[in-house]
Amino acid sequence: MSQDFLFQAVIYLLAAVVAVPVAKRAGLGSVLGYLLAGVVIGPSVLNLVGQVEDVQHVAEFGVVMMLFVVGLELRPSLLWRLRGPILGTGSAQVVFTAAGVTGLGLLCGLAWPVALTVGLTLAMSSTAIVIQSLAERGVLNTRGGQACFSVLLFQDIAVIPILAVLPWLAEINGGSAGHGGGAEAHGHESALAHLPPWAQTLSTIGAVVAVVIVTHYFLRYVFRYVAASKLREMFTVVALLVVAGVAWLMHLVGLSAALGTFIAGVVLAESEYRHQLEADVEPFKGLLLGLFFIAVGAGLNLGLVAAQPGLIASLVIGLVGVKFLVLLLLGLGFRLGAGSSLLFACALAQGGEFCFVLLGMGGQLGLLTPDVSAPLSAAVALSMTLTPLLLIVNDRLIQPRFAKLTPKREADAVESHDNPIILAGFGRFGHIVGRLLQANGFGVTVLDNDPDQVEMLGRFGLRSFYGDASRADLLAAAGAEKARLFVCAVDDEAKSLEIVDLVQHEFPHLRILARAVNRNHAYELIKRGVSDFRRDTLGSALDLGTDVLRAMGFRAHRAVRATELFRCYEEESVRELAEHASGDQATYISMARQHLENLESVFRQDLKRHHLDTEDAWDTAGPKET
């Protein structure tokens, strides 16, 4: 290990340690801190580091890991639900941005293949900067944040056909390979580039299918084998091997490594090892992403900016301006709302990592000469640096104006009383519980975090208080110290568990009865010692099942008995399977199958009992007619 390598490692780490906490304290965010640290230690200022390109190739692995972690957090069902925004908003952003930039290029005198190349290139945004910045602000799961993610995912996919169309544009433009070449372009060249087109296509499809099949069917056995060794570091090694292996395979066939690892992450999102994988990869992701941001800052050519300030400023303003306008109009057109549309526009109005790749490829093919690609590269880097500042402006100047138009309601002052029951959540589930209790003369203090729901129910004479039940001070004001029961009926699984944890910690004397949104939610409640819960749809589903049995000829007493027998066995099954739900998946599946077989056996034995068919058994109206 050379002293130069150690020195550069010390400089990069020291720059991060000094700059990032300062930037965070100043309210600028960690991303801008990393970028500014890179500018300071880069060739344009202190020149403390050598070839930035060498570091950037390693640092780009941070983007790959980030997409893997994002994939782990996205279940296929959620991804399928996002298919509309991904295809609709994503494709519209790429098409309209490319068209706008291409039009400006034509006005500046560029040939149309060159202008189209520039337009397609600058349509890309920075996945790393946007997701990191939105995650820090806690807005990634908002409508604007989800729109940003959908567009970024589509852009990652769109890089593949863009790379395929560049040689065609070069041929039309009269360029030839070898005119200037870029390190980035060469680094991303497919190892299968010399195969016939049909072979390249089959190889690409085969690589994606291989990732899905191996990840879904094979890796669970590898993880189980490694987990049995009880060596934590080996699980980390396997996690890194998965990311590196998928990235290498995607690189081999000319696909985006980030897209490949994202697919692998989505497939593994249903795995019982998802949380462990995320925990093992997260530290490496954070470190390499920080290194990537520093490398982007260090690669900014301030000498070129100083030599051509007017040109660079015009390019940055043109790039950010066109993208901002297109994104804002798209946000409004797709009905994101004014506030979310402005967040959407501020977050994505920059160039991205793939811009450097596409600019390098354009140079290698002779489409872009150095006097075109160099200023564009500087403009892209500057636009990436400006993104955190745009988001700060959005946070501090733009969004507060919308907040004033629709002021955030403060929590209601809860009146002093001695009600024995506190009910959190007064929606479609909770208000039925609340009405039943109130109708029977029990005092209930109702809390709900939806001001519209509180106001609407108030019109019908159903009294509730607006407030967040995950706040200990609000629960104390609601009389939690004196109450006997706490009913958690909120419809958000994560919020429900947060509230349960808080109540158990702050008010341990309260008996908790809870609504379980689904079976997994029930498992989590059981782990927390909450045994009194009801699943959302179980009761109504069983009621309908009773009607179906009667429609099929069962007498009323027989249908009710069958339903109650099923209910008891189902509740018992949930409690028995809870301890195995997050463990070995094969064991869990085996036990679940055994429970189904036992249930069928119980029903077969029960149906043999003669008293079910006796004429003197109670009935209401006989079997229902179909």
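What share of the contacts in the protein chain with a separation of 6 or more is accounted for by residues 24 or more positions apart?

1. The model discussed here is predicted. Residues 24 or more positions apart account for 77% of the contacts in the protein chain with a separation of 6 or more. The protein chain has 26 helices and six strands. Of its 626 residues, 46% count as buried.

2. Geometry of H6 and H8. Helix H6 covers residues 112-122 and helix H8 covers residues 143-173. Their axes lie 9 Å apart, and the packing angle is about 160°. Since angles over 145 degrees count as roughly antiparallel, H6 and H8 are therefore roughly antiparallel to each other. The crossing in which H6 passes H8 is left-handed.

3. Residues between H6 and H8. On the H6 side, the contact is formed by Trp 112, Pro 113, Val 114, Leu 116, Thr 117 and Leu 120. They meet Ile 162, Val 165, Leu 166, Trp 168, Leu 169, Ile 172 and Asn 173 in H8. By class, this contact of H6 with H8 has 11 nonpolar and two polar residues, with no charged residues.

4. Thr 121. This residue also belongs to H6. Thr 121 is buried, with a relative accessible area of 1%; the cut-off for buried is under 20%. Once neighbours within four places in sequence are left aside, Thr 121 is in contact with Cys 355, Leu 358 and Leu 359.

5. Helix H23 and its ends. H23 comprises residues 519-527, and its buried residues include His 521, Ala 522, Tyr 523 and Leu 525. At the start of H23, a side-chain oxygen of Asn 518 reaches to within 3.2 Å of the backbone nitrogen of Asn 520. After H23 comes Gly 529, which has a positive phi near 85°.

6. Geometry of H23 and H25. Which term describes the orientation of H23 to H25? The axes of H23 and helix H25 (residues 556-577) come within 9 Å and cross at roughly 60°. That angle makes H23 oblique to H25. H23 passes H25 in a right-handed crossing.

7. Residues between H23 and H25. Arg 519, Ala 522, Tyr 523 and Ile 526 represent H23 in this contact. Their counterparts in H25 are Glu 570, Ser 573, Val 574, Arg 575 and Leu 577. By class, the contact of H23 with H25 has five nonpolar, one polar and three charged residues. Two of the H23 residues named here, Ala 522 and Tyr 523, are also buried.

8. Tyr 569. Tyr 569 is situated in H25. Is Tyr 569 buried or exposed? At 17% relative accessibility, Tyr 569 counts as buried. From Tyr 569 to Leu 596 there are 27 residues in sequence, and the C-alpha to C-alpha separation is 9.7 Å.

9. Val 226. Helix H10 (residues 197-228) contains Val 226. With 8% relative accessibility, Val 226 counts as buried. Leaving aside neighbours within four places in sequence, Val 226 is in contact with Met 234, Phe 235 and Val 238. Val 226 and Thr 236 are 10 residues apart in sequence, with 9.9 Å between their C-alpha atoms.

Note on methods. Residues numbered from 1 in each chain as written. Predicted model: local features only at pLDDT ≥ 70, side-chain atom pairs only at ≥ 80, totals over all residues. Heavy atoms only, no water. Buried < 20%, exposed > 50% of the residue type's maximum accessible area, 1.4 Å probe, protein only. Helix = DSSP H or I, 4+ residues; strand = E, 2+ residues; numbered from the N terminus. Polar contact = N/O pair within 3.5 Å; in protein donor to acceptor, adjacent residues only side chain to side chain. Axes fitted to C-alpha atoms, helices over the stretch in contact; angles between N-to-C directions. Parallel < 35°, antiparallel > 145°, perpendicular 65-115°, else oblique. Left-handed = near helix turned anticlockwise from the far one by under 90°. Contact = heavy atoms within 4.5 Å. Nonpolar A, V, L, I, M, F, W, Y, C, P; charged D, E, K, R; others polar.
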